[in-house]
Every structure is written in C-alpha cells, then in structure tokens.
Number of protein chains: 2
Amino acid sequence: MERITATYLVETCHDLEVAANVLAGEQSSGTFVDVPNETEELKKRFSARVESIEHVETVSEPAIPGALSKEGKYHRARIRVSWSIENFGYNLPVLISTLQGNLYEIAQFTGLKLMDIDFPSSFVEHYQGARYGVDGCRALTQVYERPIIGTIMKPSIGMSPEQTAEIVATLAEAGIDFVKDDELMSSAANSKFEDRLAAVMKVINAYADKSGKKVMYAFNISGELDEMQRRYEKIVEAGGTCAMLSINTVGLSATKKICDNRVLAIHAHRNGWGMMNRHPLLGIDFRAYQKIWRLVGVDQLHVNGIQNKFWESDDSVVNSINSLKEPLFNHKNIIPVISSGQWGGQAFETYRRTKTLDVLYMAGGGIMAHPMGPAAGVRGIQQAWKATVDGLTLEEARKEYPEFDKAAGKFGK
Amino acid sequence: MERITATYLVETCHDLEVAANVLAGEQSSGTFVDVPNETEELKKRFSARVESIEHVETVSEPAIPGALSKEGKYHRARIRVSWSIENFGYNLPVLISTLQGNLYEIAQFTGLKLMDIDFPSSFVEHYQGARYGVDGCRALTQVYERPIIGTIMKPSIGMSPEQTAEIVATLAEAGIDFVKDDELMSSAANSKFEDRLAAVMKVINAYADKSGKKVMYAFNISGELDEMQRRYEKIVEAGGTCAMLSINTVGLSATKKICDNRVLAIHAHRNGWGMMNRHPLLGIDFRAYQKIWRLVGVDQLHVNGIQNKFWESDDSVVNSINSLKEPLFNHKNIIPVISSGQWGGQAFETYRRTKTLDVLYMAGGGIMAHPMGPAAGVRGIQQAWKATVDGLTLEEARKEYPEFDKAAGKFGK
C-alpha cells in the first residue's frame, strides 16, 4: 500500500526515538493510554511509522515552550514519518490534520517544523494541479523569454475604480503584463469590487482590441464562498483572465473549490505566511507548503523577493523559487511571484542565483513611485531584466538605460 | 465611521511608535515608499491608526528572527491599531488578511501576536453566530445542569464501522451524551464515511427510540467543499445532529459555508492550533481566535483541558474557557470543548477555576481504556462532575464512587 512521508525538523530533550514514536502514535491510532481494539493487525495497517532519524545538533536552550531538560540538552533532528494512504485517502484537509495537526502541541517537542512532504504517485490521478501554470500564463499574457512583469495597485486601498482604471490604462500603454489588487483591497467603500472590475476591464479590453495584448489583472475575490464564486463568474463575463485569493485566510477547501472552476488563472497570495514560518523551529517550510497548494491547483504563488522589505533572507527566497522549479508529478509548473520592495535592481541577483526567467516579477511602489511616473517604472524593470540576461552589471545597466538609472537613483541603496 | 480594533503583543528594537506606524502603514494604504495618489484625504479615510502603545518590558534577546539591536534592547508592548470598516466591509477573509497578513513578516518586529479583536456593533447585522450554542446543544442532547459528557473514538483510526457502532451502543447504554470521530478519521479504507454513518446512526436511533435520548455524534466531514456538503446532508437524512470540521485545515470560507446550512450543530476542532499559538510572541491568542470562529458560526470549540497531555498550561486553558463565557453581541454562547488526557479527575480543578458547567467534557482513552470498560468510564466521569458540584474532594469522591475510584487508580498521578 502506498505511503505518504513527511519530514520534520524537531527539537526534544527526550531520546529522539521515543519522541518520534510519540508523534507517530499521536497522529495515528494511539492516545495517551493503550485502548482495547488497538490490535497488532490494526496497528500494522494504520499506524504511522518512523522511517528515519537524523541528529542535527544538540543545543542548550529550548526553542519554544515544552518539556524541559534537567541537563540542559535539546536534540535537534530531521525525522521522517510515514502514513498509509488508507488512513485518509485523497482528502487534503484530513491529510493536513494528520501531518500538521495536534502534533504541534506535543509537550515532548520544543520545536517542530514540517519541512517536506512526499506524495505517492497515485495522487496524480486525483489532483490535476494548475490549469495554466508557467506556460499557460505566458500564453495568456503573450510574454515569452523574459519574466512576466507586474505591479500591485498602490496605495493598497483608497483609490476609486476610475483612478485605478486610469493607472491601469497608463501601465498598459507602458507595456505592463500583469496588475493586481493589493490583498488589503477587495471591495472597499469607495471601490466596490463590481465597479472596479467594470472600470478596469474596460481599459484592459480597449487596449487589447487596439494592441492585441491583454493585460492580466488579478482581481482579489477573497471572501465568503458564494460571493467568491459570483465574482469569479463576473471576471469571466468581463473578459478577465485571473482571480486572486489570499489562500491562508480563505482556506484550503474553498480555494480548491474556486480552482476547480478551471477557467481563470489563480493568483495565490500567501499573506499570513510569517505566522507559519518565521520561527526556525515552528510551523511549516515553504518546500512542504508549495506542494500542498500545487495539488490544490493554484497557478501563481508568492515567494517574497531578493533584498525584500521583510525579514526573510535571500537564501530562503532562493530556496522557495527553486522549489517551484522542481516537477510535481506531470503537473504544470507554477509561477513564483516575486514581490516586496522590488524595483528592478534585484533582477541581477535574482537571475544570478535562480537562472530562471519563469517568474512573475512584481513591483508596487517600485513602479508607482518611479520619478518619471509608472510607465517609466515599467520600462525600467524591463530594462533591468534585459540587462541581466545580456550579462550587464547593475552599474552598466544604469549607463545604458535612463529609466532604470532613475529607479536606481531613487530606490537603490 | 465604525472601526475595528486589534490588540497586538509586539517586540521591536526600534522606537515603539515608529514600529507601530510601520505596521499601520503596511496594513493599510502604505508601501515602502510614498506613492502618488496617497493623498491626505485618502489617508484620513483608509489608513490604519495606532490607538495606544503600552510598554510591557525590555529584554536583551530577540524572540524571533528580525531586525537586531546594537544595544541588545528589545521592547515589548501591547499596541492597539484600528481600521475603518470602510476598508473591507463585512468580509472576514479580507479582514483577517488585514489584521493577520503580511504584518507577521515586518522586519522591524522580533515578535508579533494578535491578542484581541474588537468588532463594531454593526457586525451583528451580518453574522448570526452559532445556530445552537450552549442552550441548543443542551436541548439536542437533553443534558441540563451538568456538563455534556463525551468521548472520542479511540483507536483514532482503524476500527470498522461495525466495531465503532458496537462501542457507541455500549456508550449509549452507559448514558454518554456525545461521541465524536477523531480528527484523523474521516473516510478510511476500512471505515468509509457513509458506512460508519449508517452503522452508528442505526444504534443511536434505536437507542433514542427506546430511551427518548439521542446521543450526539460529531461525524468528521472535513474535506473538499462538495463532499462536505454531501456528507452534511447525509447526516441530516440519517437523523444525526452534529458535524465536525477541522477548522484550520478546512479553512474559513468553507467552514462558513457549511455553518450557514444551520441545521446541524458544528463541532469545531482546532488541530494545527499549536503552530499558531505555541510561541508566546508569534501568531494569535485564543481570545482573538475564538471571536473569529464565533462570527463564522460554530457551536462547539476545542480549548484543550486542565492537566492535559500537551504542552499548554492550565492558566492558558482557563483563559480560553473564560473567553468563551463572555458574550459576543447577542449571539448564543458556544461550548468550550475540554479534551486531551481527560479522565474525570480534572473535573475538580476545572470547576474550581471556571465555575461553569456549560462545557463539553471529553475523554477518549479515559473512557475507552477504563479498567471496567467504556460504560464504567462514562459513569466515572459523571460521578466526578457530580462530586465536584457537591463539594467533594477528589479523594472523597474516590471513596464514594467505585467507577471513579478505578479510573483514578489507573489514570491518576
């Protein structure tokens, strides 16, 4: 029978094997005492199994509250635990309750982070993955051999539909490929979703009629399920190509339901991610996280950006981008969405470290606040990516390209 | 205009006022640079506002990775931040993306936990809250003036529908009020949901016909949305009274959709909670968490238990139970679900510290592994609660009640 294997980084003051078996027991047939009916046969079929334990280091202070060591020794290890798919079948919420449920509360651990998940091959028969992915989003935006370049409406909230549409018109003329609502904006008092959709799609459709290029706009439909579905359909009717969901706040089951429509590209915003990942020994690593959301069927997933405005290191961002480049079954690869404090200058380091152009490169303030206006902001970013692929340094690119030079003058360090 | 106020516990090496304003800017109109269109008028209407800053302590080590202090000083404070409801209206996912979104990634903070949310009064017009709550669940189970006593099917996974039904029959005869699937069990290879539902409801209905008392069984319907909805309807058809959801893994929008059916009582399991709460300076406190799920409309919400098998302190559990006793608008109060390592002995301390009988008191192993069998396990717990209300001590109760005495002999410390 096929098994699902999860890799955890754990910390415990107990014997590692004992602690690992507490986890396996808690997350399968066991409870705090032996119970009748928990037969050897039942255990063999349904018990979680500790596959391996790899000691990493021993430290003197616990990472998070839990069982304390008298000797001041806390052992960190990577452990692999497996479950038969007979336990939950093809039910992602129950699978996640098994791999990421009560085990975070086990007193024996003073650190527990889900690092990776290996799904068995039969999952491909039950999950289609992204409807569009990299190739499909390139076809929708007609962008090839360079990153899809996008922006986020800033100010995040407060502009009228008409102001928003006016900026979209300017950006379209400047050659933008993608625009999105901020995650704080869905339907505000002065910018009702339906009004913004109508105003924005009017200018996008007009520009498409004229130029043959349709800008992809990710409208934030995050909300209650029926409203999301209604707004999804309105985007389709209006000729839009993309909907955005805040996947952590909307949640897995509703996101899956929306993805299953398989008409629009789905832009997955990961706001709230810091709560799940910021502590090095608590929560979930992006490597495991992205696999879940690829099964759910999103097309674009946020990964932060090099030299971002947040706390995350460049190494971590590079790992995230690279994890999305790895295949998952025969599914379409999805697009890493690079954003946060981006203005084009980071294109050099991003490309040097990931060697991929299959990204959605997003600049909010970096485009909207360009000294020569948003259109110059778009050109500056296109120039930065062309320069980096051509092998220019940032300084050489500044000499070559006036819009990029102005951006570097304002946003560079 | 009405405002929503969030209270955070934060840690920063920066000036507290500066850091609080970074949070307010990031989570409303601002970005990392000033942008055109962010007018004073727009800011006045849509900007988040720092309402108060209360310094708590200054420590020498950062709680989580982030901006480091040269002087080794990290200031902890409770800060209150408010938003106009014009920003998001009555959209819980967008509200949560605002209160619990990218702010967890702000480098200036080395600790950030959402402690409380104050919703304005107009929310009552948009959210109905629990369909049943305490009074409704008492009416459904016909339990008054004592806790509703329940158990969790253990082993968590692996028993056949027939074995499950057989245990339910024994428990019903013993006077159990409530039984639930373990959160690891929804539809397993040897216990398909539909088969288990049929087998269990057959014995529950038969016992109800005979005795007039219908045991409430919380069937775990967690899964994809359409399947949850189908299974919900099957529970209704079979005469069941309750469905269980793993709310963190199913997610907010799908849980709301299921709650909105308003036919079954909804048992909300919080597995995964440790990831969001275990670190003292990261994530969300139960006080804020329970308010969100009360708006969504669940009837029963897990709070762990006194002297539990997990890491959580008794103080924290007591705070959780007490937070559910506070009113939220004119909504029905919901039931704290007490579980984890419970066997009846904790009834004394639980009652002493919370002075409430409006709880669902759950013992899994504590009933299933009772030395005289599950029926004696149920009686032992009923005895414990009667004894504590009668003012007996645990030792006095042991002398009075043989089943409780046996439980104490096996499970007590």
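Student: Which strands of chain B does helix α1 lie across?

Tutor: Keep in mind that this is a predicted model. In it, helix α1 (residues 16–26) of chain B lies across β1, β2, β3 and β4 of chain B, and runs at about 130° to β2(B).

Student: What makes β1 and β4 of chain B a pair?

Tutor: Two strands pair if DSSP finds at least two bridges between them. Strand β1 (residues 3–12) and strand β4 (residues 109–118) of chain B are joined by eight bridges, so they count as paired, and they run antiparallel. Within this pairing, Tyr8(B) stands opposite Leu114(B) in β4(B).

Student: And what order do the strands of the sheet take?

Tutor: Five strands of chain B line up as β2-β3-β1-β4-β10 in an open sheet with mixed pairing.

Student: Why are β2 and β10 of chain B said to stand at the edges?

Tutor: Each has a single partner strand, so one side of β2 (49–59) and one side of β10 (282–284) in chain B have no neighbour in the sheet. On average, neighbouring strands here are turned by 15° against each other, direction ignored.

Student: How do you know that the span of α15 in chain B is close to the expected one?

Tutor: Helix α15 (residues 374–389) of chain B has 16 residues, and 22 Å is expected at 1.5 Å a residue. From first C-alpha to last, α15(B) reaches 23 Å, close to that value.

Terms used
Residues numbered from 1 in each chain as written. Chains lettered and ligands numbered in written order. Predicted model: local features only at pLDDT ≥ 70, side-chain atom pairs only at ≥ 80, totals over all residues. Heavy atoms only, no water. Helix = DSSP H or I, 4+ residues; strand = E, 2+ residues; numbered from the N terminus. Axes fitted to C-alpha atoms, helices over the stretch in contact; angles between N-to-C directions. Contact = heavy atoms within 4.5 Å. Expected span 1.5 Å × (residues − 1).
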